[in-house]
There are 2 protein chains.
Amino acid sequence: MTATRDDVARLAKVSSATVSYVINDGPRPVSDETKTKVLEAIHQLGYQPNAVARNLRMQRTFTIGLVIPDTHNPYFAEVVSGIEETAFNNGYKVILLHSSYNTEKEFQFVELLRTERVDGVIWIPASSNVEPLKELALSELPTVVFDRVGAQADLQALVTDNYHGGYLATRHLIELGHKRIGYISRPVELSHSQGRLRGYMDALAEAQIPFDPELIIKGGFLLDDGRRALFSLLDLPCAPTGVFTYNDMMAIGVLRGAFERGLNVPKDLSVVGFDDISQAAFTCPALTTIHLDKFEMGRRSAILLMALINKEIPDPKLTQPAEVRLITRETTGVAPPV
Amino acid sequence: MTATRDDVARLAKVSSATVSYVINDGPRPVSDETKTKVLEAIHQLGYQPNAVARNLRMQRTFTIGLVIPDTHNPYFAEVVSGIEETAFNNGYKVILLHSSYNTEKEFQFVELLRTERVDGVIWIPASSNVEPLKELALSELPTVVFDRVGAQADLQALVTDNYHGGYLATRHLIELGHKRIGYISRPVELSHSQGRLRGYMDALAEAQIPFDPELIIKGGFLLDDGRRALFSLLDLPCAPTGVFTYNDMMAIGVLRGAFERGLNVPKDLSVVGFDDISQAAFTCPALTTIHLDKFEMGRRSAILLMALINKEIPDPKLTQPAEVRLITRETTGVAPPV
DNA sequence: ATGAAAGCGCTAACAG
DNA sequence: CTGTTAGCGCTTTCAT
């Protein structure tokens, strides 16, 4: 069927070891003459090395397992890009597994990853349930946890600078002159939301604006959650004129809600949101966003993992919170998609 | 280090073959008593079978290679979901490779896929350059080409029903009473665009509306391409009142352009676009879209590939164009994100 | 119902 | 500089 290394050796009239040395360019030197013969034979047979055999022998697969909740979400999709590209450029393949936010599947993946003998794992948790992660930690596979709950399972974790994002968003609104600023958060007490909230509070404190708990609305994360949260805010006796939202879907909900109430954005109401779902923000030039470079985050987590795999000491910068920045789009006076 | 099957066999005081039969539940029967002993030993050692060794022995990897241009694009992201989930549920893993629309990388992937001994490949081409695909075809790996250029390389291909989509979009506009209907297409003569154009023309013919080549604008595929294409259309002596766009990004560009020209959508101008980039359409309730179920397309391509791998005769339905449908969103009078 | 052993294709230690 | 060979951990045929 497919040619093996022995076929090549036979045709080139050398030993199979020599063929190895040619292909791997080492660890032993090969005379140019022999090398040419071997290369010729390889070409003639259309020989392709068998990675499976190689992996078995080497006790290494040059594969990393990537567990994500959902490819469909643009946030994760970009992260995946960054990971896959970096891995590939460093000679690793990526096995993609998506949990569909399902803990049961996560448990299955731990087993799969173990039998597949992947060299390492990048794990984006489906929920705050860390049980599957603990199970994974038992296997002693090098693991990087992306965001959220890594610390709880005692694993290397990558996080975004939620605190600074919350701070930047709020300071921006303050600089625009707002005194009453709402924060539409997530329902669950994720570390994400907490960090963003702390940033919000510190920015207020810095500007000596008193903190009013009424201005914190526990939203959801979808468009309509934002819309309804805005209505709650507007119904307050002293409604806010600026709003910071946990993510961009809710920010868009806020924009829509504002329109329904006859408010002009950004004249009557300023809105800033994290751009978790980037495509959505992209269609809304009037929206100011807190941007985190997900591709870069993916790149970093891959680099961190590869260091772990090779038992190198990772650059400490890699585990610091990834920086965020505020992006104000040119509001050309151009209008909304309807 | 990690326990092997021999360790299990030794501990259970059976042969390693017996352990195999227990694990694989065949092909030879094992007495309940022995089975229990083996299971016990497995548990005790925390044994996990080594898939690499298994793959080598079986000459099969239960892995499919998935080559896509770009994870970032929501269109592909959904397809990937469908493929990955279906593959996993059938015992296959997916190796993800993204070409970043780069033909050079595609060539590299062909080699990688061969040395990895994947059982099959699902390939979404980066461009209309079929050379990498021809190279892949040489390897005789079971392959499904997603959309576009498959036929040219003589491979199984999956396509969307572009024709019917174009027809549905145009008929919808006709039913709304429009007589002058523009089509904003792609620049390159992809089969996609061609099919959609034919559907457009046939719908016009059916309604006995004369075809006017001036109403066909060769756009790009981005938001601003749609915006500018609309301006070209509006500048015609007899401007259209309905527009069909190749994709939803351009449709959104049209909406924005319409706003700039003071046109009210859908009162003064009706717009229908393919929803290739679903997230974008989602934020625009006034937009009517031609929907294709990308998750389902992914599912189908995986099923088709698995049939190919097992040398079964695939369900002929799988290779028929995937159906599309027209989706009119509730236009609640609710407004645009700004 | 079970054991022994060959061999999948590769790497690298050992022996010239 | 090159050849020989022992495994890596598994499946499965051939014995028993």
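Predicted model: local features only at pLDDT ≥ 70, side-chain atom pairs only at ≥ 80, totals over all residues.
1. Among what covers them are β1 (63–68), β2 (93–98), β3 (120–123) and α7 (131–138) of chain A, together with α4 and β2 (93–98) of chain B. The residues of α6(A) that count as buried are K105(A), E106(A), F109(A), V110(A), L113(A), R114(A) and E116(A). An α-helix has 3.6 residues a turn, so residues three or four places apart point the same way.

2. The length of α6(A) agrees with expectation, because its 14 residues (103–116) should span 20 Å at 1.5 Å a residue and its end C-alpha atoms are 20 Å apart. Just after this helix, R117(A) adopts a positive phi of about 55°.

3. Chain A as a whole contains 13 helices and eleven strands. Its radius of gyration is 26 Å, well over the 20 Å that the globule rule gives for 338 residues, so chain A is more spread out than a compact globule. The C-alpha trace of chain A spans about 90 × 45 × 35 Å along its principal axes. Of the 338 residues, 53% count as buried. Among contacts in chain A between residues at least 6 apart in sequence, 68% join residues at least 24 apart.

4. The domain assignment divides chain A into domain 1 (5–58), domain 2 (63–160 + 294–319) and domain 3 (162–292). Between the C-alpha centres of domain 1 and domain 2 of chain A the separation is 35 Å.

5. The contact between the chains involves 46 residues of chain B and 46 residues of chain A. On the side of chain B that touches chain A, at least two residues each come from α4, α5 (74–89), β2, α6 (103–116), α11 (248–260) and α12 (278–282) of chain B. The largest share, eight residues, is that of α5(B). By class, this side of chain B comprises 26 nonpolar, eleven polar and nine charged residues.

6. Leaving aside residues up to four places away in sequence, E84(A) touches V94(A) in its own chain and T71(B), L96(B) and H98(B) in chain B. The C-alpha atoms of E84(A) and I95(A), eleven residues apart in sequence, are 9.3 Å apart in space.

7. Q48(B) also touches the partner chain. This residue is placed in the loop between α3 (32–45) and α4 of chain B, and is partly exposed, with 17 other C-beta atoms within 10 Å. Not counting residues up to four places away in sequence, Q48(B) touches R114(A) and T115(A); R114(A) is one of the buried residues of α6(A). By contrast, the C-alpha atoms of Q48(B) and V130(B), 82 residues apart along the chain, are separated by 42 Å.

8. The surface near DNA strand C divides into twelve nonpolar, ten polar and five charged residues.

9. Most residues other than glycine have a negative phi. Q208(A), which is not a glycine, has a positive phi of about 55°; it lies in the loop between α9 (191–206) and β7 (216–218) of chain A and is exposed, with 6 other C-beta atoms within 10 Å. Y101(B), likewise not a glycine, has a positive phi of about 60°. Y101(B) is located in the loop between β2 and α6 of chain B and counts as partly exposed, with 13 C-beta neighbours inside 10 Å.

How values were computed. Residues numbered from 1 in each chain as written. Chains lettered and ligands numbered in written order. Helix = DSSP H or I, 4+ residues; strand = E, 2+ residues; numbered from the N terminus. Expected span 1.5 Å × (residues − 1). Buried ≥ 20, exposed ≤ 12 C-beta atoms within 10 Å, placed from the backbone. Contact = placed C-beta atoms within 7 Å. Rg over C-alpha atoms; globule rule 2.2 N^0.38 Å. Nonpolar A, V, L, I, M, F, W, Y, C, P; charged D, E, K, R; others polar. Domains from an automatic or database assignment.
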